[in-house]
Amino acid sequence: MIGIMLAKIKRFIREPWTFIIMTIMTIGFASIIGYSNSDSITIPVYSVDDHIRESIVGDILTDSDALSFKWMSEDDTAEMISSGKAEVGVELLKNDFRVLVGVESPTVELVRQTVESAYTKKIQYQQLSESTDVRDIQSVIKDPVFTIETTSFRGSDANINDNTLQPLFGFTLFFVIYTIAYNVFHILEEKTDGIWDRVILSPVKKWEMYVANFLYSFITGYLQVVITFSVFRYWIGVDFNGNFAEALLLLIPYVFAIVALAILITGFVKTVQQFNAAIPIIAVSMAMIGGAYWPLEIVQSEFMLTLAKFVPITYGMEVLNGVAVYGYSMSELLYPISILLLMGVIMTGIGIHLMEKRHI
């Protein structure tokens with residue numbers, strides 16, 4: 001088995017192009033679509049006084065939802081505005097500000113109102129601190145006149161759609177199908193060329209041949225996922241809501257299920273041409289039905305939602321969204337994980353049975 005694995009690794013080193021292309025396409029599509037769906041507008045901002053950035057004004061601008069204020073140097077801000085990369089910029093002074101307009105648009109007035117509101121709050125806090133005795137503040141903190149309770153208007157069963165994570169998860173689960181499938185595809189090639197029969201005559205057992213091919217396909221597929229997620233985590237800056245390691249770990253059952261699916265397809269088809277035709281059709285169909293291209297929450301057809309229950313991508317997206325968006329616990333994710341493992345076991349058994357029965 002080790003010898004087969006080493007032979008597979010050498011072949012991977014000689015012909016890594018499928019793996020590289022699929023990884024690049026995953027990162028490219030997820031980046032383009034994820035950033036094009038971004039709801040915030042980036043506004044370059046700078047200040048000659050570093051204390052402004054650390055003041056209440058800087059805190060308010062940093063926490064703004066509608067606008068994404070990005071701290072830069074004066075030269076970088078001017079370059080972004082002059083090159084058209086930003087419509088407007090802001091210079092913060094001690095008690096005033098200046099809006100640098102590159103293109104007249106509604107964003108200019110929104111920026112002006114946001115920054116003006118931040119300075120107004122700064123003045124209010126200063127007046128409050130000057131007119132109030134510290135001892136009075138401490139007594140109010142210890143014995144408040146009233147308390148405020150805040151609750152979210154969103155129900156516990158509401159759906160959250162993250163415009164950055166949705167394309168990242170969807171395209172990762174979609175493109176890894178091709179990487180895994182074209183690795184399992186070598187089994188069909190080897191059987192067609194007679195290599196499989198020659199290996200059987202050697203001391204290598206048949207189950208070792210299947211396990212070696214299964215492990216190799218799993219490792220390459222999972223490696224693609226790790227590389228893709230790592231690029232977004234450490235280079236682009238997507239933090240997975242603090243659950244990066246958990247997302248990688250819980251994606252193992254999905255990769256296992258896709259390897260099993262590729263084995264099942266290999267068991268059904270008879271020729272290389274049939275395999276090459278089947279993989280794109282199955283991969284694209286599963287991505288559309290399983291919510292890789294768009295969230296399943298926007299799908300109204302009961303028939304399509306029923307079909308989604310038989311697609312591994314559905315449960316892969318459920319696991320990733322559960323851990324990175326909704327913050328589900330492990331017990332809440334056991335159902336999709338169990339379904340993926342069950343799918344993997346069933347499809348592996350049927351696929352191997354068909355390959356042995358047909359004896360390609």
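Some ground rules come first. Residues are numbered from 1 along each chain as its sequence is written, and side-chain values use heavy atoms, with hydrogens and water left out. Since the model is predicted, local features need pLDDT of at least 70 and side-chain atom pairs count only at pLDDT 80 or more, while totals for chains, interfaces and linings use all residues.

**The chain as a whole**

The secondary structure comes to 16 helices and four strands. Here helices (H or I, at least four residues) and strands (E, at least two) are DSSP runs, numbered from the N terminus. The protein chain has 360 residues, and buried ones make up 43% of them. Buried means under 20% relative accessible area, exposed means over 50%, and partly exposed is in between, with a 1.4 Å probe and protein chains only.

The accessible surface of the protein chain is about 20300 Å², and 61% of that belongs to carbon and sulfur atoms. Those areas come from the Shrake-Rupley method with a 1.4 Å probe; for residues, only the protein chains shown count as cover. As for contacts (heavy atoms within 4.5 Å), take those between residues at least 6 apart in sequence: 75% of them join residues at least 24 apart.

The table gives the geometry of each pair; axes are lines fitted to C-alpha atoms, for helices over the stretch in contact, and angles run from 0 to 180 degrees between N-to-C directions.

| Helix pair | Axes | Angle |
|---|---|---|
| α12 (residues 252-268) and α13 (residues 272-290) | within 11 Å | roughly 140° |
| α12 and α15 (residues 312-324) | 9 Å apart | about 170° |
| α13 and α15 | within 8 Å | roughly 50° |

For the words that go with these angles, under 35 degrees counts as roughly parallel, over 145 as roughly antiparallel, 65 to 115 as roughly perpendicular and the rest as oblique.

Start with α12 and α13, whose axes cross at roughly 140°. The two are therefore oblique to each other, and α12 passes α13 in a right-handed crossing. A crossing is right-handed if the near helix is turned clockwise from the far one by less than a right angle, and left-handed if anticlockwise. On the α12 side, the contact is made by I258, L261, A262, I265 and T266, and α13 brings F275, A278, I279, I282 and M286. By class, that contact has nine nonpolar residues, one polar and no charged. In this scheme Ala, Val, Leu, Ile, Met, Phe, Trp, Tyr, Cys and Pro count as nonpolar, Asp, Glu, Lys and Arg as charged, and the others, Gly among them, as polar.

Next come α12 and α15, which pack at about 170° and are therefore roughly antiparallel to each other. Y254, A257 and I258 of α12 meet P312, I313 and G316 of α15. The class count for the contact of α12 with α15 is five nonpolar, one polar and no charged.

That leaves α13 and α15, which are oblique to each other and also cross right-handed. Their contact is made by M286, A287, I289 and G290 of α13 together with P312, I313, T314 and M317 of α15. Those residues divide into six nonpolar, two polar and no charged.

**Residues to look at in the model**

I258 is buried, with a relative accessible area of 1%. Not counting residues up to four places away in sequence, I258 touches I177, I180, M286 and P312. I258 and I313 are 55 residues apart along the chain, and their C-alpha atoms are separated by 8.9 Å.

Over in α10 (residues 206-236) you will find S217, which is buried with a relative accessible area of 1%. Leaving aside neighbours within four places in sequence, S217 is in contact with I180, N183, V184 and V259.

V323 lies in α15 and is buried, at 5% relative accessible area. With neighbours within four places in sequence left aside, V323 contacts N243, E246, A247, L250 and L333.

Finally, D239 sits in the loop between α10 and α11 (244-250). D239 is partly exposed, with a relative accessible area of 41%. D239 and L165 are 74 residues apart in sequence and 9.8 Å apart in space, C-alpha to C-alpha.
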